[in-house]
Amino acid sequence: MAVSVAPAAPAPSAPASQAGPRARAGWLFILPNLVGVTLFTFVPLLSVVVLAFTDWNLVSGLGGIEFIGVDNFVHVVQDPTFWGSVGRTIIYAGLSVPLTVASGLALSLALDRDIPGRGALRAMFFMPYIVSTVAVGMTWLMLMNPSAGVVNQFLAMLGLADLPGWFASSYWALPALIIIAIWSGLGYAAVIYLSALQDAPTDLYEAAEVDGAGPWRRFRTITWPSLLPTTVFLLVTLFIGTSQGFGLVALLTSGGPGDSTTVLPYYMYQTGFQFYRFGYAAAIGLVTFVGVLLLTLAMWRAQRGRALHD
Amino acid sequence: MTDTAVRPRPAAPAVPRTRRTPRQRRATRNRWLWAVPMWLLALAFLLPFAWMLSTSLKANADAFTVPMQWIPDPWRWDAFVEVLTGEGSIVPAFANSVVVAAVRVLGEVLTATMAGYAFARLHFRGRDKVFLAYLATSIIPAQLLLVPRFIYFQQLGLYDTLWALILPGMFTVLGTFLMRQFFVGQPAAFAEAARIDGANEWQIFWRLYLPMATPVMSALGILTFVWSWNDYETPLVLISSPEAYTLPLSLASFTDEQGAISANLTMAASVVSIIPVLIVFLVLQKRFVRALTHTGIK
Amino acid sequence: MTAAPRISRRSLLAGGLGATALTALTGCGGRSSSPATTLNVWGGVPAESGPADLIAAFEEAHPEYTVNYTRFINDDRGNLKLDTALQGGVDIDVYITYPMESLALRSGSGMGLDLTDRVAAEPGFEPFLETEAPRAFWQDGRITALATARSPRFILLNTAHLEAAGLEVPSEWTVEEFVAMSRELTTDGRYGCYSLPDLPRIELGPNYWYTDSGDSNFSHPVFLEHMQLSRSLIDESVLFPWTEVLARHLEVFQQNGFVAEEFSLWATEPFSLRYLQDPEEYPHDFTVAAAPMPTVGPDSWNSGPFGDFLMINSKSTKQDLAWEFIRFYIKEGPPYLAPGGRIPTLENVEDETVLTGLLGEDADDWFDVDSFRRVLFEDETELYVDTNLTAYPEIDLAYQQQRDLCLIGERSPQAAIDSVDSQAQAAIDRFGKES
């Protein structure tokens, strides 16, 4: 989540302009959103904090909430499944998000030219992003069947002998999920990049070409910097998409085989909605939240520190 | 699937947009040289869709035969008839999904753009503190908030209404964050100039910055639409009457009592439910480009 | 700049959509409770496999009442939906609970009306009052739920394969004999059996995960035996490979493999019979016979439970009407429910009526009817109701995870069972205080 800490706006001579109509305008502008976020996110979040100190099973209603102090937190830090899920989540998000962005960029560059049927191509690549997870799950289950699936048949055609077991193997299940995540997100990333590429400074290309800059240099010095905000945008949306989109795990592996695909959001879901330990689920969520928050703050500090020294 | 990831710098922006005559012939050849692999890749990408379509057209048990049966035998349309007109018709759920997604998109794009603009371009006391709170909540997994929202909407009397899906989706931290990210990158000089000309803050936002933001707003719109369209967990917990089902709930109900999914019905319903999203995408995709050419920032 | 006109168009659109939304929202927003003569029932069986007919019959017998049936899916999410609906004050009068852990939660949280007095006053309902081998769920000495169905497990046999191998349909057999037949039925490209019957359940019966003192019972040798035997039979290709089970999610699609003749023997429950008489969706050209569960000794249990727990929502304002419905459901309902694979708990309906319901109109085309009559009604099958449910979902998950790892060959049976044992004990220690 380092991406989310892009330093606050250039903030020039801020103090002078903090009063007056501009300040009031600022609050008015954020008001609709702030009220909504407060009501539907901040307040529920506070109740999560309260729940984390309780033992509660939902079915017993509000009257059934029982305060048990820090018990849940003690269990969380000692829970091997929790730490295992943290590791798997880092692998899953850490691989699927950057790979989706990178391949999306490659695809967008390939498509950013006068190809017959460009619009249709774009739509085709984007389609995986919009299909319901239920259908995606069922389909990939068939395609990735270790013995009869198209994927392994293709790999066998390439001459591979030791074919992956995909969802029937605790080593391959997570990579399989990562591949499907990339398949789903790639077209989305490419489409966003494509719209950003429309915006690339054409005149600079021409100048650079005249100067004899090769394609790689032109990409590095002109295209890439102009794509940076888009990249941040994609990293954030995809990261949040993966952390929330545990639907694939739920539909394809239920966290297995063993606990090889039990990523954090799924573990939390399992604890809450399968075991009905809502207090414990809240504690897991809170510990995760605080952990990521501290990490983010530390990075922000570091970034600020560097900015000051520059 | 991943080969695009590792292909080294496949496409530096080699084709110039200019039309220099000596190059034209080579460009035409290049066009086709590029087109063929791209179309092949796209077809490979669509393979799963071919499977979905084929499954929707065959008997349920045939969906799971090994090896895979790609061509339905016999061809059957009843799954489509069933999901459109049968007992568990997805049509009402379809309408609900459209309403929820449309209201969410409008609300989200409007409030997030305004707030994102203020966080990026306006200075006011407490701004950074509020924004920090926003940032912090943007990393919360949605499942964490499901139960508190359930209790909350139950107390407000909004449980089991579409409002329970719409309201949290209209005011999001993420959208605000994305819009802010965009406005931070826009030059402040315009605003300063406009202020000197006596424009008020609303005019500056509405006339100057908003038009620049339309591509990003479209992107946020597409995103919000897709998220809303495919959201399964939220309605699962917050909706109970079948009349208020959204598509994912309706889709998931094509299972038998053992939890086995009825493949042909699910696939037929999925195929039908892709169509509107595709339309939204195709419409907004055009707007990306148009918006860009109109704004003059290109 | 074209911004201004575009935006006004957008606001027009917004207004239009807002109006549409408003109608849709108010349309389903009101959840005012239904009239006093309308009963709301939630169940997991699709309406068309029985409940609709039962309700039609009830409405005919009581024309002054209307029954709304809502079907929920009996999985984690579907049960969550019912739980939130119950908790959210949705108008539900009668509902059916399937998994034991949901039953314990709902009953323990006061979501089930105390039915004890009504049961005691009802002639013919005496079996529900029994506490030795309970057919009702007891919470602190009171009945909160009635088990309305028996789900005896049995072995289904593909008679074509049996004939080809020159084998007879067994009327009783041991696990050894079962394994032997599975081996004989195994051919090139076809497996003898889908999976091994649950040996620990057959040997230990109810509460088999817990010792008498409530600790983890997984150190009992039968758990290890079951795992070892399953694994070695998978290695021999007698049992269906577990990698395929995982890769195809076959646990919920077992009928597909049986219909496609990928294996010959199938340990299952009555609900599966519905697939085998559906030539439209599950075309096949062999008949199916039934054999009882194999035994491990004279005191063997059938590994099937009593289930389908009927409950009245304690918040219901129509409790008398709800009870009227439950009476009808138990007394008159079985013939309507049999097509959905429901065998009534009370033996108040003719066996032949139930059998016809279970096997369908053209029973002889699809089944060896006599074998089913024998297995379902003549055998004395010992069913169970679990009463100790400490840390049930945690243990259930731990067992599934380790079983998967063991059966796909990534972990030894001993290591898998040891891991289940320690995880179960840890969960019991942590949550034991609750039960």
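Thr234(B) comes out as buried, at 16% relative accessible area; buried means under 20%, exposed over 50% and partly exposed in between, using a 1.4 Å probe and protein chains only. This is a predicted model, where local features need pLDDT of at least 70 and side-chain atom pairs need 80 or more, while totals for chains, interfaces and linings use all residues; side-chain values use heavy atoms, without hydrogens or water. For bookkeeping, residues count from 1 along each chain as its sequence is written, with chains lettered from A and ligands numbered from 1 in the order written.

Thr234(B) sits in helix 11 of chain B, residues 233-238. Helices here are DSSP runs of H or I with at least four residues, strands are E runs of at least two, and both are numbered from the N terminus. Leaving out residues up to four places away in sequence, Thr234(B) touches Leu146(B) and Leu165(B), where contact means heavy atoms within 4.5 Å.

Zooming out, chain B has 13 helices and 0 strands, and 62% of its 298 residues are buried. Of the chain B contacts between residues at least 6 apart in sequence, 70% join residues at least 24 apart. The chain exposes about 11,900 Å², with 65% of that supplied by carbon and sulfur atoms; these areas are Shrake-Rupley values with a 1.4 Å probe, and for residues only the protein chains shown count as cover.

Next, the neighbour. Chain B puts 121 residues in contact with 118 of chain A. Together they bury about 10,800 Å², 76% of it on carbon and sulfur atoms, buried area being the accessible area (1.4 Å probe) that two parts lose on being put together, summed over both. On the chain B side, helix 2 (residues 21-56) gives the largest share, 17 residues. By class, that side has 88 nonpolar, 17 polar and 16 charged residues; nonpolar covers Ala, Val, Leu, Ile, Met, Phe, Trp, Tyr, Cys and Pro, charged covers Asp, Glu, Lys and Arg, and the others, Gly among them, are polar.

Over all chains, though, the salt-bridge count is 26. Within chain B, Arg76(B) pairs with Asp78(B), the closest N and O atoms being 3.2 Å apart. Arg76(B) is buried at 13% relative accessibility, whereas Asp78(B) is partly exposed at 38%.

Arg248(C), buried at 5%, bridges to Glu262(C) with the closest N and O atoms 2.8 Å apart. Arg248(C) is in the loop between helix 10 (242-247) and helix 11 (254-259) of chain C, and Glu262(C) is in the loop between helix 11 and strand 8 (263-268), 14 residues apart. Another salt bridge joins Arg342(C) and Asp308(C) at 2.7 Å, N to O. Arg342(C) lies in the loop between helix 13 (334-337) and strand 11 (343-344) of chain C and Asp308(C) in strand 10 (residues 306-312), so the pair ties together parts 34 residues apart in sequence. Both Arg342(C) and Asp308(C) are buried. Finally, Glu122(C), Glu324(C), Arg327(C) and Lys331(C) form one network through salt bridges that share partners.

Notes:
A salt bridge is a side-chain nitrogen of Lys or Arg within 4 Å of a carboxyl oxygen of Asp or Glu.
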